[in-house]
Amino acid sequence: MPNIHNHKGINPIVFAAMTFLLMLPELFMLRGQIWWEAVVATLFNVCFYAALSYLICILFSLAKPRVERALHIVCHSFLVGYSLSNVFLLLSFNRHWDAYILQFLSETNARESSEFVHTFILSYHTLWLVVFYALFIAAELGGG
């Protein structure tokens, strides 16, 4: 049983990157809100996602170095995929991941899927979004 008081600590760059990846889609959801709702929502979400990121980083730091690295890769892959897809949905359709999007995906046939890929996924708008995320991850890897 690992001793929680002897953990290696957390990398502040990884902690900040995880918080940013979780927070970025939330910032796009603030459009159209009253100013005080945006402030309250931002403060709450930053605190919530920072606490969640800190907890995840602490749990990862308790693992052996190889396991920690593998967990970091898996977690970051999930966070980047979630954040990128959520920002894409928000910018392209003014929607986020919810039950309606999941139902829409389950009811989509092959023809509609190919049209969607050619129209939205292979667009310059999506390319710039992917480039931004790739640069962010490269900066995090360089700093962390």
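**View 1. Salt bridges in the predicted model.** The model contains 2 salt bridges, a salt bridge being a side-chain nitrogen of Lys or Arg within 4 Å of a carboxyl oxygen of Asp or Glu. This is a predicted model, in which local features need pLDDT of at least 70 and side-chain atom pairs count only at pLDDT 80 or more, while totals for chains, interfaces and linings use all residues. Residues are numbered from 1 along each chain as its sequence is written, and side-chain values use heavy atoms, with hydrogens and water left out.

**View 2. The pair Asp98 and Arg95.** Asp98 forms a salt bridge with Arg95, and their closest N and O atoms are 2.6 Å apart. Arg95 has a relative accessibility of 31% and therefore counts as partly exposed, where buried means under 20% relative accessible area, exposed over 50%, and partly exposed in between (1.4 Å probe, protein chains only).

**View 3. The pair Glu115 and Arg111 in helix α5.** Glu115 forms a salt bridge with Arg111, with 3.0 Å between the closest N and O atoms. Both residues belong to helix α5 (residues 110–121), where they lie 4 residues apart, about one turn of the helix; helices (H or I, at least four residues) and strands (E, at least two) are DSSP runs, numbered from the N terminus. Glu115 is partly exposed, at 41% relative accessible area, whereas Arg111, at 52%, is exposed.

**View 4. A nonpolar surface patch.** Ile34, Trp35, Trp36, Val39, Val40 and Leu43 make a nonpolar surface patch of about 670 Å². Such a patch is made of residues with over 30% relative accessible area and no salt bridge, nonpolar side chains (Val, Leu, Ile, Met, Phe, Trp, Tyr) being joined within 5 Å and like charges within 9 Å; accessible areas come from the Shrake-Rupley method with a 1.4 Å probe, and for residues only the protein chains shown count as cover. Leu43 is found in helix α2 (residues 35–61) and, at 54% relative accessibility, counts as exposed.

**View 5. The largest pocket.** The largest pocket holds about 400 Å³ of space, a volume being the space filled by probe spheres set on grid points that are joined across faces, edges and corners. On a 1 Å grid over the protein atoms alone, a pocket is an open set of points where a 1.4 Å probe fits, with protein on both sides within 12 Å along at least five of seven lines, and lining residues have an atom within 4 Å of a point. Of the 20 lining residues, Phe88, Leu89, Phe93, Leu105 and Phe116 lie nearest the centre of the pocket.
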